[in-house]
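Trainee: Could you walk me through reading strands and helices in a model like this one?
Mentor: Gladly, let's take a look together.

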Amino acid sequence: MSLTRGRVTDSREPSPPIRAEFSAAEEPTVSYVTPAPPAATPRLALAALVATASVAFLVAGRADGAARSWASYVAPAAACPGSTDASAAPAVQERAVGCLLNWARAQARLKRLGRPVVLGRAATLKGRKVAACRQFSHTPCGTDPRAALRAVGYRYATMGENLFLGTWGHVSPREAVAAWLQSPPHRANILRPGFRHLGAALVRAPGMRTEGDGALWITEFATPR
C-alpha cells in the first residue's frame, strides 16, 4: 500500500500547512507532520483532524512505522464480520470499521466508543460534501471542518476526524483501518483516551480516483459536551 496524498491544509491559512492553536482555557493538542512519499500506486490517501469546540488542528501523515507500534492494534481477520470484504454493503463495512476501531482501543485498555446514530449521520454528511467538492480535505469547498457535527446538532467538547480514500470495491475495512493505524496522527485519534463516541461512513465518490470511483471513509470521533 502507498499514499497518493496525505497532506492537508487549513483553508483559512494557506501557509504553513499545519497550524495548531489553543487558548489558555483549552488543553493543548500535539499535531504531527510527516510528508507523504511519492506514490507507487494511486490507491490510498489519508488525512486527520483534531479539534476542540472552537479550535481545529489539521494534521497529515503517511502509513509507516515499526511493526510493534501499530500492527498489534490490527484485529485478526475473523474478529469483525465483514472486515475483509471490500464488496460488502456499506452498512456492513461501517459496522466492521466500528468493530475494528474498538478492537484496537481494547488493546490499549481504552473504553469502547459508542456509536450514536447522529454521529454516523455527521460522517455521512461530511463524506457527501467531500465527494461533491471532489476535494480530499477536512475543509472541502472551504467549509469549516466541524460543520457536519454542527449540522446534525451534536454538541461536542472535543472531536477528531480521520479520512481515507481508496478505490471502490478494492480496499476492505480492515485494510483502511490498518492504514490509519500505521500513521501516527490517525492512530492517535483512534487511541485518544478522552473520546467517547464514533461515527463511521463509507461514501462512493465518483471522479475522485483515476482508476474507478473512490471509496471514501470518514470516521468522526467525539466527546459530548
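Mentor: Keep in mind that this model is predicted.

Trainee: Which residue of S6 is the bridge partner of Glu161?
Mentor: That is Glu220. S6 also runs antiparallel to S5, with nine bridges between them, and there Ala200 stands opposite Thr219 of S6.

Trainee: How should I think about side chains along a strand?
Mentor: In a regular strand, side chains alternate between the two faces of the sheet. As for S6, 10 of its 11 residues are buried, so a label of buried here rests on a relative accessible area under 20%.

Trainee: What packs against strands S4, S5 and S6?
Mentor: The buried residues of H3 do, and they also pack against helix H4.

Trainee: How do I read the buried positions of a helix?
Mentor: An α-helix has 3.6 residues a turn, so residues three or four places apart point the same way. Helix H3 spans residues 117-133, and its buried residues include Leu119, Ala122, Ala123, Lys126, Val130 and Cys133. From first C-alpha to last, H3 reaches 25 Å, close to the expected 24 Å.

Trainee: What follows H3?
Mentor: Arg134 does, with a positive phi near 55°. In the loop between H3 and H4 you will find His138.

Trainee: Is His138 buried or exposed?
Mentor: Buried, because its relative accessible area is 1%. The side chain of His138 makes a polar contact of 2.4 Å with that of Glu161, the residue whose bridge partner in S6 is Glu220.

Methods
Residues are numbered from 1 along each chain as its sequence is written. This is a predicted model: local features need pLDDT of at least 70, side-chain atom pairs count only at pLDDT 80 or more; totals for chains, interfaces and linings use all residues. Side-chain values use heavy atoms; hydrogens and water are left out. Helices (H or I, at least four residues) and strands (E, at least two) are DSSP runs, numbered from the N terminus. The expected span of a helix is 1.5 Å times one less than its number of residues. Buried means under 20% relative accessible area, exposed over 50%, partly exposed in between (1.4 Å probe, protein chains only). Contact means heavy atoms within 4.5 Å. A polar contact is a pair of N or O atoms within 3.5 Å; within protein, one must be able to donate a hydrogen and the other to accept it, and residues adjacent in sequence count only if both atoms are side-chain atoms. Two strands pair if DSSP finds at least two bridges between them.
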